[in-house]
Amino acid sequence: MTYLLAGDIGGTKTILRLVEVSTPQPSGQPLLKPEFERTYSSQAYPDLVPMVKEFLHQAAIDAGHGYDPERACFAIAGPVVNNTSSLTNLAWSLEGDRLRAELDLHRVELINDFEAVGYGVFGLAPEDIHTLQEGEPDGNAPVAIIGAGTGLGQGFALATGGRPLVFPSEGGHVDFAPRSELEFQLMRYLIDKHQISRVSVERVVSGQGIVAIYQFLRDREFATETPEVAEAITAWERQTGLSTKTIDPAAVISLAAAEGRDRLCQKTMEIFVSAYGAEAGNLALKLLPYGGLYVAGGIAAKNLALMIAGTFFDAFSHKGRVSPLLDRVPVHIVLNPQVGLIGAALRAAAP
């Protein structure tokens with residue numbers, strides 16, 4: 001049996017998965033069978049090596065026999081350069097060659113976590129996605145990936161000979177393009193608030209963007225705050241500058257909007273979802289991803305009802321005289337939160 005290690009490494013938690021690799025499918029994709037999985041507190045370990053060794057020891061105890069994985073791929077929440085990474089929110093410095101030697105593996109590859117999502121979309125099952133538009137799928141065309149979470153990830157992939165090639169980008173940092181008077185006011189608000197000369201789309205289409213939109217509407221007195229939401233947002237604002245915050249304001253806002261109990265939150269999410277759809281449409285125009293456009297990131301899956309209500313897709317497809325080009329693009333929302341872990345395993349399995 002051939003075994004691989006896959007990991008999704010973040011500043012707060014790390015998920016490790018041991019995978020058995022079987023003969024490739026007719027599509028060229030290997031069959032990956034999860035054997036053992038554990039989640040760890042990243043801060044509780046000085047480095048990845050002791051965590052992995054503990055993980056393999058636990059796996060051996062659970063199975064009654066040892067495992068000898070050949071290769072590993074770890075998705076990192078941060079930049080990866082020349083197979084090395086210093087995590088943004090964790091005092092770890094990781095080098096693929098050192099990990100390979102200390103863990104006695106044949107190969108260790110480090111990739112950015114959104115690049116892992118790009119590989120992962122090729123390993124999703126039908127139940128892992130919700131399709132907004134069937135389109136006209138073309139297996140030879142590019143695949144686009146966009147995902148709003150802490151930031152806004154963007155990238156694309158090509159399936160060549162059954163093996164995906166994934167290309168990450170910094171597309172989340174392109175200029176935010178207002179489409180209405182209200183969005184122009186939002187952009188001016190962000191410029192003044194942060195004393196900056198330009199606004200990136202990530203400042204609007206992300207978790208931080210949800211909060212920024214709420215603050216804009218609140219400060220412009222669009223509607224009266226409800227006490228519960230106001231208390232949560234104020235408490236979060238008091239924690240500005242702290243390395244660890246106890247409140248997720250974007251989650252508070254989106255939940256209140258989904259439950260229909262706060263007009264300010266509902267308008268916030270309406271603006272957010274529309275801006276998200278518009279940027280997804282921008283990405284689609286640049287790539288013409290007839291292989292599919294996948295909307296990943298936790299925000300879309302957790303707010304599925306809002307994403308499928310129509311606002312997202314209306315903005316996605318509203319592109320003037322070239323709008324018909326987007327009718328052929330298959331558009332999917334990724335529901336599986338472990339798509340990055342799936343992608344890390346697929347990357348580890350690649351020759």
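**Exercise 1.** Determine where Leu325 is found and whether Leu325 is buried, partly exposed or exposed.

*Solution.* Leu325 is found in the loop between helix H11 (311-317) and strand S13 (331-334); helices (H or I, at least four residues) and strands (E, at least two) are DSSP runs, numbered from the N terminus. The model is predicted: local features need pLDDT of at least 70, side-chain atom pairs count only at pLDDT 80 or more, and totals for chains, interfaces and linings use all residues. Residues are numbered from 1 along each chain as its sequence is written, and side-chain values use heavy atoms, leaving out hydrogens and water. The relative accessibility of Leu325 is 38%. Buried means under 20% relative accessible area, exposed over 50%, and partly exposed in between (1.4 Å probe, protein chains only). Leu325 therefore counts as partly exposed. Leaving aside neighbours within four places in sequence, Leu325 is in contact with Leu288 and Tyr290, where contact means heavy atoms within 4.5 Å.

**Exercise 2.** State which side chains make polar contacts with the side chain of Arg17.

*Solution.* Arg17 is in strand S2 (residues 13-22) and is buried, with a relative accessible area of 10%. A polar contact is a pair of N or O atoms within 3.5 Å; within protein, one must be able to donate a hydrogen and the other to accept it, and residues adjacent in sequence count only if both atoms are side-chain atoms. The side chain of Arg17 makes such a contact with that of Glu37 at 2.8 Å, and another with that of Gln338 at 2.5 Å.
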